[in-house]
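Let us take a walk through this fold together, from the overall layout down to single residues. Keep the structure open in your viewer and follow along.

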Amino acid sequence: MLLVNDVKWVETLSFRFGVLGALVADRHAAALIAHGLKPKHVALLSVLDAGLGASQLEIAKVMRVAPSLVVSLADHLESAGAIERLRDPADRRRQLLHLTARGRDLLARCTAQAVALDAELTAGLTPAERDALGAAFDRLAASHGLPARGRPDADPDSGADPGGSTPGGNS
């Protein structure tokens, strides 16, 4: 029988994921500052790019955030020329968000920075280890209803957060 004292807290996956996750989140957020963005801004751009929602309410549901946060994020992205708001011709009360060419370019640059960070973080791994790590993360993410490679849209009822929010996290 395994006892609490047999496993040190710092050896648990939960602790190590948390520490590494905080480090990666901080570095990712720092890279986005150069573009005047936070992770949730990029999440909104990604939702639009993937066609997972157009109305502010739909996007809020996909990102698992309050609609008022989507309004704030959209205000910032609109002022940066990354998105535009258009009235829904079928329902003039609704505003639909559309990615602009500037928004696509911005998303591409942020994605390139994330890919570079991935390479930096996994530089000490062999290609096989990187592939195994990616596959393990995909299985873990999918088992918790989160987006995984090849599966960008998590089940909306799963409690997943494609926007990457954490309590008190970067918004």
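Of the 171 residues in the chain, 28% are buried. Bear in mind as you look around that this is a predicted model. The chain has 6 helices and 2 strands, and from the N terminus on, these elements follow one another in the order α-α-α-α-β-β-α-α. If you take the contacts between residues at least 6 apart in sequence, 50% of them join residues that are at least 24 apart.

In soluble globular proteins, nonpolar side chains tend to be buried together. Here, the largest nonpolar core has 24 residues, and those with the most contacts inside it are Leu37, Leu44, Leu45, Ile59, Met63, Ile83 and Leu97. Two or more residues of this core come from each of H2, H3, helix H4 (67-79), strand S2 (91-99) and helix H5 (101-121). Which element gives the largest share? That is H2, with 6 residues. Leaving aside residues up to four places away in sequence, Leu45 touches Leu37, Leu77, Ala82, Ile83, Leu99, Gly103, Leu106 and Leu107.

With H2 as our guide, let us look at its helical partners in turn. Two packed helices are described by the angle between their axes and the distance between the axes. Start with H3: helix H2 (residues 39-50) and helix H3 (residues 56-63) pack at an angle of about 115 degrees, and their axes are 10 Å apart. The two helices are therefore roughly perpendicular to each other, and H2 passes H3 in a right-handed crossing. On the H2 side, the contact is made by Lys40, Ala43, Leu44, Val47 and Leu48, while H3 brings Ile59, Val62 and Met63. Sorted by class, the residues of this contact are 7 nonpolar, no polar and 1 charged.

Next comes H4. H2 and H4 pack at an angle of about 85 degrees, with 10 Å between their axes, which makes H2 roughly perpendicular to H4.

H2 and H5 pack at an angle of about 115 degrees, their axes 10 Å apart, and the crossing of H2 and H5 is left-handed. Here Val42, Leu45, Ser46 and Asp49 in H2 meet Gly103, Arg104, Leu106, Leu107 and Cys110 in H5. By class, the contact of H2 with H5 has 5 nonpolar, 2 polar and 2 charged residues.

Now let us turn to the loops. In the loop between helix H1 (13-33) and H2 you will find His35. His35 touches Leu106, Arg109, Cys110 and Gln113, not counting residues up to four places away in sequence.

Moving on, Ala54 sits in the loop between H2 and H3. Is Ala54 buried or partly exposed? The cut-off for buried is under 20% relative accessible area, so Ala54, at 23%, counts as partly exposed. Setting aside residues up to four places away in sequence, Ala54 touches Leu48, Ile59, Gln95, Leu96 and Leu97. Ala54 and Asp88 are 34 residues apart in sequence, with 9.6 Å from C-alpha to C-alpha.

The loop between H3 and H4 holds Arg64. Most residues other than glycine have a negative phi. What is the phi of Arg64? Phi of Arg64 is near 60 degrees, a positive value in a residue other than glycine. Arg64 is partly exposed, with a relative accessible area of 24%.

Our last stop is Asp138, which has its place in helix H6 (residues 127-143). With a relative accessibility of 19%, Asp138 counts as buried. Beyond residues up to four places away in sequence, Asp138 touches Ala148 and Arg149.

How values were computed. Residues are numbered from 1 along each chain as its sequence is written. This is a predicted model: local features need pLDDT of at least 70, side-chain atom pairs count only at pLDDT 80 or more; totals for chains, interfaces and linings use all residues. Side-chain values use heavy atoms; hydrogens and water are left out. Axes are lines fitted to C-alpha atoms, for helices over the stretch in contact, and angles run from 0 to 180 degrees between N-to-C directions. Helices (H or I, at least four residues) and strands (E, at least two) are DSSP runs, numbered from the N terminus. Angles under 35 degrees count as roughly parallel, over 145 as roughly antiparallel, 65 to 115 as roughly perpendicular and the rest as oblique. A crossing is left-handed if the near helix is turned anticlockwise from the far one by less than a right angle, and right-handed if clockwise. Contact means heavy atoms within 4.5 Å. Ala, Val, Leu, Ile, Met, Phe, Trp, Tyr, Cys and Pro count as nonpolar, Asp, Glu, Lys and Arg as charged, and the others, Gly among them, as polar. A nonpolar core is a set of buried Ala, Val, Leu, Ile, Met, Phe, Trp, Tyr and Cys residues joined through side-chain atoms within 4.5 Å. Buried means under 20% relative accessible area, exposed over 50%, partly exposed in between (1.4 Å probe, protein chains only).
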